[in-house]
Amino acid sequence: MHSSPSTLSFSSIFQYTFFAVVVYVLAGAPLSSFISDSYSGRSGTDVSAQNVAQEKIGSLVIPDAELTCGEHAYKGVHVLSRQPLVVYIEGFLSEKETKHVVGVSEPHFTPSTVWNAGQETLNTKVRHSEKAQLPRDQTVKCIEDRARQFQGWRPYVFIEKLWAQRYGTGGHYTYHYDWSTATRTSGRISSFMVYLEANCTGGGTHFPRLQHPSPESDKHQWCRFIECGTNADEIVDPELRDGITFRPIAGNAVYWENMRPDGSGYPESWHAGLPVKSGTKIGLNIWSWLQVGYEPHGDNIVEQKE
């Protein structure tokens, strides 16, 4: 005999509701993200951005008006793409600076973790490396300042505290975005990948959705910095046949923008740290965080009128 809806017990309804809530949470609470995003178009401070800011404040570098740094000249600045903006920088760091950063990182390396649905875990299938947050001495502060200057002191853009990443043989980081929490007023707006040590084979930074330079004369110049295989059939992984792979060269950096002005992320910023075939690669992540309305010397985010 089948039960009618009216005969369902209170306990059964409670169980169904409980399991629905569990599934919803495990799915990452998508409705909460939708509701938060729906506030992003209103006048004044973005509610979701305000919540993110409280979590991020401790990781942001507050500009120091009293900081004094020596002059630094880049060896070359080359624009690969304008939308999204992707720039290759020769000599972003000097040889002395790269050695210094590697040295201060050395005592602090720990296995790299990944975040998924708010949970931090070790997963070497996704990310196989070691990470170290840099002690903020004078040299490190000047590197932070240089990264901010490169972007033209953009309003409400703050450098995040710097992290070094070390990859041994087999080390890699699978394809991902840096802008996973992007909104119109808050998110990781740009990234630098700086190569500190490149005593390795493999280990390039692959952007499968970026286009190769054209015409061929330009591509020939870029082959100093990107992989330019002559026979695509030699590439076993089909995904590596597309896009751009930057070769690790110590002191050089790749800069790219993650977000459009409307807060949406660029799909072209999808990238990976390819496996190191032999040797060691050490990189420096420099991320920039946009937080509209955040005044570092105030107590809270200030309201911005549109």
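# Close-up views of a predicted model

**View A. Cys228 is partly exposed, with a relative accessible area of 25%.** Partly exposed denotes a relative accessible area between the limits for buried (under 20%) and exposed (over 50%), calculated with a 1.4 Å probe and protein chains only. The model is predicted, so that local features need pLDDT of at least 70 and side-chain atom pairs count only at pLDDT 80 or more, whereas totals for chains, interfaces and linings use all residues. Residues are numbered from 1 along each chain as its sequence is written, and side-chain values use heavy atoms, with hydrogens and water left out. Cys228 forms a disulfide with Cys223, the sulfur atoms lying 2.1 Å apart; a disulfide is a pair of cysteine sulfur atoms within 2.5 Å. The torsion about the S-S bond is -100°, and the link of Cys223 and Cys228 is left-handed. Cys223 is likewise partly exposed, at a relative accessible area of 25%.

**View B. A disulfide joins Cys69 and Cys142, with 2.0 Å between the sulfur atoms.** Cys69 is located in the loop between α3 (47-56) and β1 (76-82) and Cys142 in helix α5 (residues 138-150), so the bond ties together parts that are 73 residues apart in sequence. Helices (H or I, at least four residues) and strands (E, at least two) are DSSP runs numbered from the N terminus. The torsion about the S-S bond of Cys69 and Cys142 is about -95°, so this disulfide is left-handed. Cys69 counts as partly exposed at 29% relative accessibility, whereas Cys142 is buried at 11%. The structure holds 2 disulfides; with bonded cysteines counted along the chain, their pattern is 1-2, 3-4. Another cysteine, Cys200, is partly exposed, with a relative accessible area of 22%.

**View C. Helix α5 packs through its buried residues against α4 (95-105), β8 (157-159), β11 (186-202) and β16 (276-291).** These buried residues are Val140, Cys142, Ile143, Glu144, Arg146 and Ala147. At 1.5 Å a residue, the 13 residues of α5 should span 18 Å, which agrees with the 18 Å between its end C-alpha atoms; the expected span is 1.5 Å times one less than the number of residues. At the N-terminal end, Asp137 caps α5, with a side-chain oxygen 3.3 Å from the backbone nitrogen of Thr139. Gly152 follows α5 and has a positive phi, near 80°.

**View D. His172 is buried, with a relative accessible area of 15%, and lies in strand β10 (residues 172-176).** A polar atom of the His172 side chain lies 3.1 Å from the backbone oxygen of Lys125. The backbone oxygen of Gly170 also lies 3.1 Å from a polar atom of the His172 side chain. With residues up to four places away in sequence not counted, His172 touches Thr124, Lys125, Val126, Arg127, His128, Tyr167, Gly273, Leu274 and Pro275. Contact means heavy atoms within 4.5 Å.

**View E. An open, antiparallel sheet of 5 strands has the order β6-β10-β15-β12-β13.** The edges are formed by β6 (127-128) and β13 (244-246), each with a single partner strand, so one side of each is left without a neighbour in the sheet. Two strands pair if DSSP finds at least two bridges between them. Strand β12 (residues 205-207) and strand β15 (residues 271-273) pair in the antiparallel sense over 2 bridges. The bridge partner of His206 in β15 is Ala272.

**View F. Strands β1 and β2 form a hairpin with 2 residues between them.** They run antiparallel, and 6 bridges join β1 to strand β2 (residues 85-90). Arg82 stands opposite Leu85 in β2.

**View G. The whole protein comprises 6 helices and 16 strands.** Of its 306 residues, 40% count as buried. Among contacts between residues at least 6 apart in sequence, 79% join residues at least 24 apart. The protein exposes about 17100 Å², of which carbon and sulfur atoms supply 54%. Accessible areas come from the Shrake-Rupley method with a 1.4 Å probe; for residues, only the protein chains shown count as cover.

Note on methods: Polar contact = N/O pair within 3.5 Å; in protein donor to acceptor, adjacent residues only side chain to side chain.
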